[in-house]
Each structure stands twice: as C-alpha cells, then as structure tokens.
Amino acid sequence: MLVLFAAPDSMWDEWAPPLRDACPEMDLRRTADPAQVDAIIYAPGGEIEDLTPYRNARLVQSLWAGVERIVTNPTLTQPLARMVDPGLAQGMAEFCTGWAMRAHLGMDRYRQDGLWRGGQIPPLAQDRRITILGMGELGRAVAAMLGPIGFQVAGFSASGRPVPGVRVFGGDDLAQALSQAQILINLLPDTARTRNILDAERLALLPQGAFLINPGRGTAIDDQALIAALDRGHLGHAVLDVFRSEPLPPDHPFWAHPGITVTPHIAADTRARTAATVVADNLRRVMAGQSARFLVDRRQGY
C-alpha cells in the first residue's frame, strides 16, 4: 500500500522508523502521485491542506488525538480516524492522578518557612469526589487509575455511555456532575458545544474550594470567569496545561495568579513507538475492506 506522510518535515525522522517497523508492507513516502495514494498519515502543519486530489485514499489517519484542525476541512471526504495512543492515555492518567493526589493531600500548604501547620489531616480518598468531564479513551484511562486508589469517581459525557465502576452523567446532567466535583478534571474535546462550557455560571456550581485540572482543551474554560472564581475564593486552585493561545503569552494574567499553576502543554503526548501500532492496525483494516478504528463523527466533531 502507498501511504503519504502528510505532516511537518520535523516529524519525519521521529515517525518514519517506527511506522515502517510496525507496518513493513507499506510504501511510506513524503511525496506521491495523489491518485496512487491508498492512505494518508496526517498531522497539522504539513504542506498538504487540499485533500481533493487524493480521491482514492481510503483513510486519513490523524497523529493527533484532537482533530479540530482537520475535521472542518471542506476538502476532507475520506474517512478520518483520530489517534488513540496507549502511551498518550497512560501519560494523561499519570498527569491527572499526580495533580489529583497533590490537591487531595493539600501538599502546597506545607511551605518550608518554619511555620508548623498542624491539625489539617486530609480525608481518605474514599471521601473525596472527583468528576471527569469527557469519558472517551482518555477519560476512561484516568478513571481506571483513580478508582483503585479509592476516590469516588464520576464522569460526564454527552452520550452518557456507561463506564464500569464510574457513575456517568449524561448530556442533561452537567450541573449535577459539577455540583459534586471536589476535584474537576476536564478532558472534553474542542467543539462548538464545549467552548466556554466552564463559564461563570457553571464554575459557580462547583463546591466551595474545588480544585480544577485542565489538560483537555483551553477553549473549554472562560478565562476571566476562572480568575473571578479564584479571586472570590470559590475555587481553591486551578492547574492549567492547555490554553487558547500557546505558548501562553508572558503577560497573561494566569502566570502571576497565586491560585493558578501553569504547565506548558506537557500532560501527555502521542508517542511514535506506541502510536505506530495503532496506525498499522488501521492501515491493514482499510486495505482489507474493513472499517478503521476510532473513526471521527464529522457531525460531532470528534
């Protein structure tokens, strides 16, 4: 099969070897006659934006978990698969669990300044309620790591699809999901319905002193509403890994706010070695006339 690598040139050296190892039967190229291309491996920033000539391609396989940079491309007529990388899911689960434990144990209280801060014993995990917004592959991976620690884990998804061991709230129950979230983790995709979903009204639904972790999408949070909720003491702290503009500008108020921890979009990343097997499986599926895994619903945007 002839497969076009339509991604930035800087990604070639990292991705080409593991892709070829995982799928030695493919002919992987950076340029090719569009009419001969069987499939496209895609990441934003490459030279190809017009997909019209690739009329015979049976799949566009994204290397990103988020597909907002391609799903609205009017020239996209081929099936589009998002990346569900087990390495990315593991990294996201570890990031969210680490910060959830930091919030749960109140680790930031213990500054080494000579002041003995006794009498603040944290509750057990079984008495702490965590809500995850977005119960896709990443949300389920995070829940699977938090649950065995003992936390009361709930989730929210538009579909309300059940997840074993997790109480999942559906599309009409967002207010209830937020009202119980002592720790809120946002993993929602970037769609028209999720932008500014955490506005002033919904942030006010969170319990007093709630801790917010956002490694999902920066567009989900109303920046000014978040700062206001922190300033009046309703929210305890926010850990933000994703932003509307990246890198986050040096003069952005998030940097100086004592109630915000900024991390530079490092919660999780697609790892070429683990992701290559996902790509190889999908390529073999479509060449055998089967449906690819993790196909994107164009109407939903993910």
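What follows describes the sheet, then the helices.

This is a predicted model, in which local features need pLDDT of at least 70, side-chain atom pairs count only at pLDDT 80 or more, and totals for chains, interfaces and linings use all residues. Residues are numbered from 1 along each chain as its sequence is written, and side-chain values use heavy atoms, with hydrogens and water left out.

Seven strands, in the order β8-β7-β6-β9-β10-β11-β12, make up an open sheet with parallel pairing (strands are DSSP runs of E with at least two residues, helices runs of H or I with at least four, numbered from the N terminus; two strands pair if DSSP finds at least two bridges between them). At the edges stand β8 (167–169) and β12 (260–262), each pairing on one side only, and the twist averages 15° from one strand to the next. Between β10 (residues 210–214) and β11 (residues 235–240) there are five bridges in the parallel sense, and Asn 214 stands opposite Leu 240 in β11.

| Helix | Strands crossed | Angle |

The axes of α1 (residues 12–22) and α8 (residues 272–287) come within 8 Å and cross at roughly 50°. Residues of α1 including Trp 15 and Leu 19 meet residues of α8, among them Val 279 and Arg 284.

Notes. Axes fitted to C-alpha atoms, helices over the stretch in contact; angles between N-to-C directions. Contact = heavy atoms within 4.5 Å.
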